[in-house]
Amino acid sequence: MMKGADPDAPRLWREGDRLHVDVRGLCCPEPLVAVLRLIDGGEAGDGLVAHVSQEPLLLYPELNARGWRYRLVAPRGDDEVALEMSRPRA
Amino acid sequence: MTLFLASARSRLLPASVPFRFFAIAAALHVALWVALIFAAGEFTQFRGGVGHALGAAHLLTVGVLTMTAVGAAMQLLPVATTRPLAAVWPTKTVFCLLAPGALALIFGMFAAHVGAMIAGATACAAGLLLFAGLLADNLRRASSMPLVRAYGWAAFVALVLLLALGFALALDNSLGFLADHAGLALVHMILGAFGFMGLLALGLSHVLVPMFALSSAPKGRVAWAGFALAAATVAAAIIGALLGLPSVLAGACGLGFAAALLHLWLMRATLKSGMRKRLGLSFVLVRVAWAALALTPLFGLAALAGWGPGGTLFGLVALGGWLMTFLFAILQRIAPFLASMHVSRTGGGPALLSDFSAAAPLKVHACCHFAALAGLALAIVLDNAPLAALAACVGLAGALAFGLFLAGIVKTLASGKI
């Protein structure tokens, strides 16, 4: 899923062992759907960092229901915050 | 588990703001069915005019539908557009004007008290104009979601016209300056049900249905065609009602039927591609509401063709079957979602949506709601007032059950713990 092929697709990349997804600029509820597709589809593995335009309120109940831990990292700029998510250890 | 939440840029209003609208809507929902029990004799042949049936109609439109839609829109729109409201205090002012205004307006209609009607209409118009301003400001600052914004702007225009006309109709009861009160009352109904509420419901569906089904929102030319058809339906219906042209009204019904079918096709595609397939009881209500949406223009055509109960059935299917069913379906989904954002578990950790799912009251509400609407429809066809009163009793049981569900959430919110 790389931007360019589909302007509405999120950009994905890896930093170390952690998958990152940039969902900034996508229309509601695309950021929510993109992140949950990665988590439910198994691509995220045990952790994922989502780069979002604003605090992803819609995502929290879904992560809570899946038992995932998350923390919002301090804003990087006027239009970006990062949400670090991790699967709880069994 | 939430480790850190930076909420400085949050678009979440204090829980007390949307829930005060939801609570009064739930209370007036109970009052609606009580009113219908006493207005059953008038209701089966209602064609407009001041009285108990008009009061009951406004209990539904202003008390239940508008109150729910305003509370939900003020919270959901900033989340959808990613633009926070300019301030919180105007949302509280909207409530302070709208709630007493609605009560005065409805009392005035029941008691045929023109002064109360005018005072209520004034307060409602002021509150809803302020809401319209908040809506316009948020839409103006939003840069994404052009389709939802288009629906929002169309609903905004309809709301402003609706308020102006509603105020004029209330004044006309005292001054008698309108040449065609009944024709303008029909325009007022079209603007309210299909312009403001209808377009807002259709627009927010493009966010809410994908959000619940975990699917992509409808987009592209077909989705825009859906908006164009819906807006053209409202415009044609207004012109037809203003000019008193049944042929134009029939054309609006045809456009409306096409708009409804296209909307249903878009929503079906959204659900089909969604990651969540089991959508629960709320989507049983949503599907019934969609069926009522498609039936509404057909009942409009039946009324235009001269079928006696057609006009009253048209109002029941549009306001009760489509809008009320849809709003209660959405409210039972978003109320637990909003509550979960403000409450934590006693043992630590965030509250889950399942913590707020009160299955029994919602099942009772759904069964009673459907039975009451079916009973009212039959009562209209048979012109049977006792049957309408019985159906209203069943609706009252459902309203009490829904009130119980919402009261449970409010109680949890008040304690802050579950």
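In this predicted model, helices α6(B) and α8(B) are roughly parallel to each other, because their axes cross at roughly 5°, under the 35 degrees that counts as roughly parallel. Helix α6 of chain B covers residues 146-175, and helix α8 of chain B covers residues 221-243. Their axes come within 10 Å.

Which residues in α6(B) and α8(B) meet? From α6(B) come B:P146, B:L147, B:A150, B:Y151 and B:A154. From α8(B) come B:A223, B:W224, B:G226, B:F227 and B:A230. Nine residues of this contact are nonpolar, one is polar and none is charged.

The crossing is left-handed. On the α9(B) side, the contact includes B:P246, B:C253, B:F257, B:H263 and B:L271. On the α10(B) side, it includes B:F283, B:R287, B:W290, B:P297 and B:L304. By class, this contact has 17 nonpolar, three polar and one charged residues.

The two pairs are set out here.

| Helix pair | Axis angle | Axis distance |
|---|---|---|
| α6(B) and α8(B) | roughly 5° | within 10 Å |

Next comes the nonpolar core. In soluble globular proteins, nonpolar side chains tend to be buried together. The largest nonpolar core here has 179 residues. Which of them touch the most other members? They are A:M85, B:F19, B:F21 and B:W322. Residues up to four places away in sequence aside, B:F21 touches B:M67, B:V70, B:G71, B:M74, B:T91, B:V94, B:F95 and B:L98.

B:T312 sits in helix α11 of chain B, residues 310-340. Is B:T312 buried or exposed? B:T312 is buried, because its relative accessible area is 6%, under the 20% cut-off. Leaving aside neighbours within four places in sequence, B:T312 is in contact with B:F43, B:T44, B:Q45, B:F46, B:R47 and B:I380.

Chain A has 90 residues, and 50% of them count as buried. How many helices and strands are there in chain A? There are two helices and five strands. From the N terminus on, they run β-β-α-β-α-β-β. Among chain A contacts between residues at least 6 apart in sequence, 53% join residues at least 24 apart.

Terms used:
Residues numbered from 1 in each chain as written. Chains lettered and ligands numbered in written order. Predicted model: local features only at pLDDT ≥ 70, side-chain atom pairs only at ≥ 80, totals over all residues. Heavy atoms only, no water. Left-handed = near helix turned anticlockwise from the far one by under 90°. Helix = DSSP H or I, 4+ residues; strand = E, 2+ residues; numbered from the N terminus. Contact = heavy atoms within 4.5 Å. Nonpolar A, V, L, I, M, F, W, Y, C, P; charged D, E, K, R; others polar. Core = buried A, V, L, I, M, F, W, Y, C linked by side-chain atoms within 4.5 Å. Buried < 20%, exposed > 50% of the residue type's maximum accessible area, 1.4 Å probe, protein only. Axes fitted to C-alpha atoms, helices over the stretch in contact; angles between N-to-C directions. Parallel < 35°, antiparallel > 145°, perpendicular 65-115°, else oblique.
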